[in-house]
Amino acid sequence: MSTSKPLLKQGPLVRAKYSKNNGITLAWNMTEDVEAEAIYHSILPEFDELSSTLLEVRIDPIGSAFTRTLSPGRNFYHVKFKDGSVSTINDRMIYTDGVINFRDMGGYLTEDGRTTRWGMLLRSADLHELSEQDLLTADALGIDWICDLRSEFEVASRPSPAIGKAINTNIPFMAEANPEEMQKIGHDLHAGYKAMILNTDKCALILHELLKEDRDTSLFHCAAGKDRTGVVCALILLTLGVPRDVVIEDYELTNLAVDGLMQRFLSGSNKDYKAYMDQMPDLQGAIPEMMKAAFIEAALEAIDENYGSFELYLAEGLGINEEQRTALQNKYLV
């Protein structure tokens, strides 16, 4: 006699939006025969009522807004509807004690109707402050490749710990990232973003790395997971066919980590950046405004201005042909 559980009926599409203070809003399309009756939290992607936690949240006809549950690692929300169907939502934010701005780039719809795979493309701030528990959490993510976009100066100041069997590659995305150089960039982020996306040698190198067979789950990070990581992740998502407006939304999610990033940069554990900030009192008040769409839009404008289109940028600027782009899409989309 089979003891396997019956397959659950798939519920309607549920979309997640994030807000400050760990807020999340789940929204779905309401129909006459579909009404949500409960929302559960779980650390498992498959819904099991016995191993999930029923959330005491208000459920409106078309959605629910509540505070995210911060369990280490991956989290899932299961919306149970009265017709017996269940919709599962991956929380793209990955919670650890020591890593800020840690999230998954899965679940984004592409222009050809496919979706970026969950668990294959991750991004974060630097990994220097991972705790012992965090290391276990990170190891469980199955990371194969860590792409560290920081300069040698930063790597030496805040080295990353080993995570499982992950290969850690340092690909400095700017010539320098010491306090003096960062001060220059801070005065003209628009120019900085344009320069980064036009750093075609490094951009091409990263896409070629993603084509390697042993690059299944990759993590990209810099110091804050904001500027350099923002440009590189935008490049990857655009290559996979994610629309520009969605790429910009992904970039702006860093705004939710501003408070944590400020605390890190101004803490005694980051003396180099603290000294830099102490010399820049006028910039301190502007930091929470840094993750404006205009900055990543400047990078996209640089592509149009110099190549005419993203397709020509890939082909002429990065040397990525259609066959290679298709290979990337087949690997990272479902």
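Student: Which residue is the bridge partner of Tyr40 in E6?
Tutor: His78 is the partner of Tyr40 there. Bear in mind that this is a predicted model.

Student: And which residue is the bridge partner of Tyr40 in E4?
Tutor: Leu54 takes that place in E4. Tyr40 therefore has a bridge partner in E6 and one in E4, with strands counted as DSSP runs.

Student: How many bridges join E3 to E6?
Tutor: Six, and the two strands run antiparallel. E3 and E4 are antiparallel too, over two bridges.

Student: What's the order of the strands in the open sheet?
Tutor: The order is E4-E3-E6-E7, four strands with antiparallel pairing. E4 (53-54) and E7 (86-90) stand at the edges. Each has a single partner strand, so one side of each lacks a neighbour in the sheet.

Student: How many bridges pair E6 with E7?
Tutor: Five, in the antiparallel sense, with E6 covering residues 76-81. One example is Val79, whose bridge partner in E7 is Ser87.

Student: Back to E3. Why is it called largely enclosed?
Tutor: E3 spans residues 36-42, and six of its seven residues are buried, so the rest of the structure largely encloses it.

Student: New topic: charges. How many salt bridges does a search of the whole structure find?
Tutor: It finds 22. Side chains of opposite charge can pair when their charged atoms come close. Take Glu35 and Lys82: their closest N and O atoms are 3.5 Å apart. Glu35 is in the loop between E2 (23-28) and E3, and Lys82 is in the loop between E6 and E7. The two are 47 residues apart, so this pair links distant parts of the chain.

Student: Is Glu35 buried or partly exposed?
Tutor: Partly exposed, at a relative accessible area of 44%.

Student: What about Arg158 and Asp126, buried or exposed?
Tutor: Both are buried. They form a salt bridge, with the closest N and O atoms 2.9 Å apart. Arg158 lies in the loop between H2 (152-157) and E11 (167-170). Asp126 lies in the loop between E9 (121-124) and H1, so the pair ties together parts 32 residues apart in sequence.

Student: Which side chain meets that of Arg244 in a salt bridge?
Tutor: That of Asp304, at 3.0 Å from N to O. Arg244 is in H7 and Asp304 is in H11 (residues 293-307), 60 residues apart. Arg244 is partly exposed at 31% relative accessibility, and Asp304 is partly exposed at 33%.

Student: Which residues are linked in a network of salt bridges?
Tutor: Glu209, Lys212, Asp214 and Arg215.

Student: Last one, the largest nonpolar core. Which residues touch the most other members?
Tutor: Leu26, Tyr193, Leu207, Leu210, Phe220 and Leu318, out of 66 residues. Helix H6 (residues 228-240) gives the most to this core, with nine residues. A second, separate core has 13 residues, including Val99 and Leu127.

Student: What does Leu207 contact, beyond four places in sequence?
Tutor: Its contacts include Leu235, Ile236, Leu314 and Leu328.

Methods: Residues are numbered from 1 along each chain as its sequence is written. This is a predicted model: local features need pLDDT of at least 70, side-chain atom pairs count only at pLDDT 80 or more; totals for chains, interfaces and linings use all residues. Side-chain values use heavy atoms; hydrogens and water are left out. Two strands pair if DSSP finds at least two bridges between them. Buried means under 20% relative accessible area, exposed over 50%, partly exposed in between (1.4 Å probe, protein chains only). A nonpolar core is a set of buried Ala, Val, Leu, Ile, Met, Phe, Trp, Tyr and Cys residues joined through side-chain atoms within 4.5 Å. Contact means heavy atoms within 4.5 Å. A salt bridge is a side-chain nitrogen of Lys or Arg within 4 Å of a carboxyl oxygen of Asp or Glu.
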